[in-house]
Amino acid sequence: ATACPCGNASAIDAGSGCLNSLGLAGTLEAAGTASIGHDTVVLRGSDMPDGPALYFQGDSTVSGGAGSVFGDGLRCVAGSVRRLGVVTNVSHRSSLPSSGGPALSVLGAIGSAGTRHYQVWYRDAATYCAAATFNLTNGVSVTWSP
């Protein structure tokens, strides 16, 4: 992977983003059934400062998944990028979709099978690494079936 911008790398086997001002690394996980006809996928972000978090989807990755420096972290998702929603982190975590809200396949306008990539871009207003006031989680890939 590409090196984090300020030597703020998380543990190699952590599967997380670059460290943030909390000394933690934002982590994104996907759980559930990725079937367009029966979608139960939930994206869960953790270890992020409380505040706004933008969940987004793309159809490709940056540098084969290695990412590129962006703010205090690495942007890994690219291609046709779609904003899925802004959620407020509370107690350093959030998830999407919200309970009772549209399914992830609806939010992402997924009409055909294939792999989509997800990441969370979150506010980290504390002076920490770069002059930027944001960071990102790791990226996750989900393969959708009909």
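Not counting residues up to four places away in sequence, Leu104 touches Asp39, Val41, Leu43, Leu84, Leu96, Pro97, Tyr118 and Trp144; contact here means heavy atoms within 4.5 Å. This is a predicted model, where local features need pLDDT of at least 70, side-chain atom pairs count only at pLDDT 80 or more, and totals for chains, interfaces and linings use all residues. Residues are numbered from 1 along each chain as its sequence is written, and side-chain values use heavy atoms, with hydrogens and water left out.

Leu104 also belongs to the largest nonpolar core, which has 18 residues; Leu43, Tyr55, Leu104, Tyr118 and Trp144 have the most contacts inside it. Such a core is a set of buried Ala, Val, Leu, Ile, Met, Phe, Trp, Tyr and Cys residues joined through side-chain atoms within 4.5 Å. Buried means under 20% relative accessible area, exposed over 50%, and partly exposed in between (1.4 Å probe, protein chains only). At least two residues of this core come from each of strands E3 (51-58), E8 (82-89), E10 (114-123) and E12 (140-144). Strands (E, at least two residues) are DSSP runs, numbered from the N terminus.

## Two faces of strand E9

Strand E2 (residues 42-46) runs antiparallel to E9, and four bridges join them. Two strands pair if DSSP finds at least two bridges between them. Across this pairing, Arg44 stands opposite Ser95 in E9.

## Aromatic neighbours

How many aromatic pairs does the structure hold? There are three. Rings of Phe, Tyr and Trp (its six-membered ring) pair if their centres lie within 6.5 Å; planes under 30 degrees apart count as stacked, over 60 as edge-to-face and the rest as tilted. The ring centres of Phe70 and Phe134 are 4.9 Å apart and their planes are at 55 degrees, so this pair is tilted. The pair links distant parts of the chain, with Phe70 in strand E5 (residues 68-70) and Phe134 in strand E11 (residues 134-136), 64 residues apart.

Phe70 is partly exposed, at 27% relative accessibility, and Phe134 is buried, at 18%. Together with Trp121, Phe70 and Phe134 form one aromatic cluster.

## A buried asparagine

Asn8 lies in the segment before strand E1 (27-31). Because its relative accessibility is 3%, Asn8 counts as buried. The Asn8 side chain reaches the backbone oxygen of Asp72 at 2.9 Å.

Methods
A polar contact is a pair of N or O atoms within 3.5 Å; within protein, one must be able to donate a hydrogen and the other to accept it, and residues adjacent in sequence count only if both atoms are side-chain atoms.
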